[in-house]
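Q: Walk me through this one, please. Keep it brisk.

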Amino acid sequence: MRLLPWTGADGKPCYLSTDDPDSPLSRLADDVEAAQLASAEAVLAGARAVLHDPKAGEHAVRCALARAVESLGDVLRIAVGRGAGTR
């Protein structure tokens with residue numbers, strides 16, 4: 001069973017039952033994971049820039065934190081799905 005990098009409409013995890021890494025859904029999941037990881041890199045760079053900007057206001061910091069939390073959730077879901085797990 002593969003944990004997919006998205007949740008269902010109810011917010012619960014989605015799983016794929018296949019041993020075929022070349023199935024259309026497996027390839028879609030790989031593409032989504034790659035996009036989420038690339039997005040996380042961009043969000044991290046943006047958050048660092050906000051944190052290093054002494055003129056950044058509360059709104060900028062809150063927006064950067066909100067995006068960082070979203071990206072961290074995506075990255076953790078990918079890590080768990082790949083068997084890295086959390087402890």
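**Salt bridges and packing**

A: Arg67 has a relative accessible area of 35%, so Arg67 is partly exposed. The cut-offs, with a 1.4 Å probe and protein chains only: buried is under 20% relative accessible area, exposed is over 50%, and partly exposed is in between. This is a predicted model, where local features need pLDDT of at least 70 and side-chain atom pairs count only at pLDDT 80 or more, while totals for chains, interfaces and linings use all residues. Residues are numbered from 1 along each chain as its sequence is written, and side-chain values use heavy atoms, leaving out hydrogens and water.

Q: OK. Which residue forms a salt bridge with Arg67?

A: Glu70 does, with the closest N and O atoms 2.5 Å apart. A salt bridge here puts a side-chain nitrogen of Lys or Arg within 4 Å of a carboxyl oxygen of Asp or Glu. Glu70 is partly exposed, at 44% relative accessibility.

Q: Where do Arg67 and Glu70 lie?

A: Both are in helix α2, three residues apart, about one turn of the helix. Helices (H or I, at least four residues) and strands (E, at least two) are DSSP runs, numbered from the N terminus.

Q: Why do residues three or four places apart point the same way in an α-helix?

A: An α-helix has 3.6 residues a turn, so such residues face the same way.

Q: How many salt bridges does a search of the whole structure find?

A: Six. One of them joins Asp30 and Arg2, with the closest N and O atoms 2.8 Å apart. Asp30 sits in helix α1 (residues 24-52) and Arg2 in strand β1 (residues 2-7), so this pair ties together parts 28 residues apart in sequence.

Q: What about Glu33 and Arg82?

A: Their side chains meet in a salt bridge, 2.9 Å from N to O. The pair links distant parts of the chain: Glu33 is in helix α1, and Arg82 is in the segment after α2 (58-81), 49 residues apart. Glu33 is buried at 4% relative accessibility. Arg82 is exposed, at 57%.

Q: Which residues are linked in a network of salt bridges?

A: Arg2, Asp30, Glu33 and Arg82.

Q: Back to Arg2, then. What is Arg2 in contact with?

A: Leaving aside neighbours within four places in sequence, Arg2 is in contact with Cys14, Tyr15, Leu16, Ser26, Ala29, Asp30 and Glu33. Contact means heavy atoms within 4.5 Å.

Q: Which polar atoms lie close to the side chain of Arg2?

A: The backbone oxygen of Ser26 lies 3.4 Å from a polar atom of the Arg2 side chain. The Arg2 side chain also makes a polar contact with the side chain of Asp30, at 2.8 Å. For a polar contact, count N or O atoms within 3.5 Å; within protein, one must be able to donate a hydrogen and the other to accept it, and residues adjacent in sequence count only if both atoms are side-chain atoms.

Q: Switching to strands. How do β1 and β2 pair?

A: In the antiparallel sense, over three bridges. Two strands pair if DSSP finds at least two bridges between them. Arg2 stands opposite Leu16 in β2. Thr7 has Pro13 in β2 as its bridge partner.

Q: What is in the turn?

A: The two strands form a hairpin with five residues between them. Gly11 in that turn has a positive phi of about 85 degrees.

Q: Which face of β2 is covered?

A: The one with Cys14 and Leu16. Pro13 and Tyr15 make up the uncovered face. In a regular strand, side chains alternate between the two faces of the sheet.

Q: And which are the buried residues of α1?

A: Ser26, Ala29, Glu33, Gln36, Ala40, Val43, Ala47 and Val50. They pack against β1, β2 and α2.

Q: Last one. Where is Ser23?

A: In the loop between β2 (13-16) and α1. Ser23 is buried, at 12% relative accessible area. Not counting residues up to four places away in sequence, Ser23 touches Leu16 and Thr18.
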